[in-house]
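Colleague: I want to learn how to read a few features from a model. Take me through them one at a time.

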Amino acid sequence: MTSLELQERSLAVVIVESTACLTMNVISVIGNTLVCFAVYRNPKLRSTINLYIIALATSDLLCATVEMPLASATLITGRWMFGDALCWFQGFVDVFITYVTPATMGLTAFNRYMRIVKTHSYNKIFSPCKSKIWLSSLWITIALYIILGQITNFNSFEFIPGFAVCSVVFMSAESRFAHYCVLFALSLVFPLSIACYSYYKIFTKTLKHNNDVAPSLETNVNRFGKVSVQEIKVCRALAFIIAGFLLSWVPMWAFLFWMRFSRETAPRGIQLAAIQLLFLSSTINPFIYAATNRAFRNEFYRMLCWWKKRRIQGSDLAVEGFKVTRANENRDQELETNM
């Protein structure tokens with residue numbers, strides 16, 4: 001069993017680490033909740049592609065509601081004080097998010113590839129119902145893999161002071177090496193290769209056939225396979241998400257491998273940076289949605305600035321009332337003149 005105490009830190013370090021984690025926690029909860037509520041409130045956002053965005057937002061929200069609060073409390077108090085059951089739950093969430101996020105991004109990129117490049121085959125693979133089955137199967141498979149590792153004693157969840165969270169530990173060096181070889185290939189290299197290839201083919205097609213495709217981009221998506229401007233914009237947004245993912249997850253994996261295979265040489269700052277980069281990835285995605293997708297941006301504005309909407313509605317009612325009053329006055333004057 002590892003120590004439940006964090007390494008001795010100065011007050012300044014405690015304040016900086018805790019503030020950074022709490023800030024990301026608050027922003028991530030608010031941002032990803034807004035994404036989910038935007039789709040719930042606006043039927044126009046309930047498209048197949050936004051189903052994948054909701055899946056990513058859900059995984060980010062899971063991180064923000066389970067991992068980040070416990071990590072923040074641990075960084076503030078300097079020790080893990082939540083018991084074994086909550087440690088197991090946080091460890092499960094930590095590993096689940098690490099696996100499911102890149103896998104979901106790879107599936108999302110392949111969905112966009114089929115929609116833009118292989119348009120006529122899209123509905124055969126990614127109808128609304130089949131898209132839900134793909135996502136559900138992916139998430140359930142990953143969850144069962146994690147649980148199976150616990151049942152077979154292949155690994156366990158323990159508090160790791162360097163990460164300030166509970167995560168997976170292995171019974172032997174051989175099992176750890178085998179796990180990370182498979183994990184690195186299937187959970188990072190494979191989905192990111194699919195994503196890079198898919199977006200490369202998407203951008204190649206949109207550039208090459210811009211003049212031919214432009215007229216059809218003025219219409220909405222329909223069953224005959226036309227692609228809307230909105231879907232192209234969604235592809236751009238997802239490409240930015242992949243870029244943000246690479247900027248945060250590639251260093252995270254480098255730090256993670258360093259810590260896992262040479263913990264003695266990994267400074268505490270490097271170990272903590274690995275988990276903080278995971279938190280950062282869950283925090284920045286809502287900003288990408290808002291910056292690259294007008295529909296999400298407008299819905300965020302309506303939810304965050306609800307009082308302005310009421311004020312505008314009140315002003316409109318006042319204007320309409322004024323017009324009615326003036327019309328009534330003019331009618332009365334006409335009646336008096338006729339009399």
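Modeller: Start with Cys87, which is buried because its relative accessible area is 5%. Buried means under 20% relative accessible area, exposed over 50%, partly exposed in between (1.4 Å probe, protein chains only).

Colleague: What are the ground rules here?

Modeller: This is a predicted model, where local features need pLDDT of at least 70, side-chain atom pairs count only at pLDDT 80 or more, and totals for chains, interfaces and linings use all residues. Residues are numbered from 1 along each chain as its sequence is written, and side-chain values use heavy atoms, with hydrogens and water left out.

Colleague: Which cysteine does Cys87 join in a disulfide?

Modeller: A disulfide is a pair of cysteine sulfur atoms within 2.5 Å. By that rule the count is 1. Cys87 is joined to Cys166, S to S 2.1 Å. The link is left-handed, with -115 degrees about the S-S bond. It ties distant parts of the chain: Cys87 sits in helix H3 and Cys166 in strand E2 (residues 165-170), 79 residues apart. Helices (H or I, at least four residues) and strands (E, at least two) are DSSP runs, numbered from the N terminus. Cys166 is buried too, at 0% relative accessible area.

Colleague: How do I read aromatic pairs?

Modeller: A pair of aromatic rings is described by the distance of the centres and the angle of the planes. Rings of Phe, Tyr and Trp (its six-membered ring) pair if their centres lie within 6.5 Å; planes under 30 degrees apart count as stacked, over 60 as edge-to-face and the rest as tilted. The whole structure holds 16 aromatic pairs. Trp80 and Phe82 are edge-to-face: 5.0 Å centre to centre, 75 degrees between the planes. Trp80 is buried at 4% relative accessible area, whereas Phe82 is partly exposed at 27%.

Colleague: Is the pair of Phe110 and Tyr113 stacked or edge-to-face?

Modeller: Stacked, with 6.2 Å between centres and 25 degrees between planes. Phe110 and Tyr113 are 3 residues apart in helix H3, so about one helical turn separates them.

Colleague: Which charged residue lies over the face of Tyr122?

Modeller: Arg115, at 5.2 Å from the ring centre. The rule asks for NZ of Lys or CZ of Arg within 6 Å of the ring centre and within 35 degrees of the ring normal.
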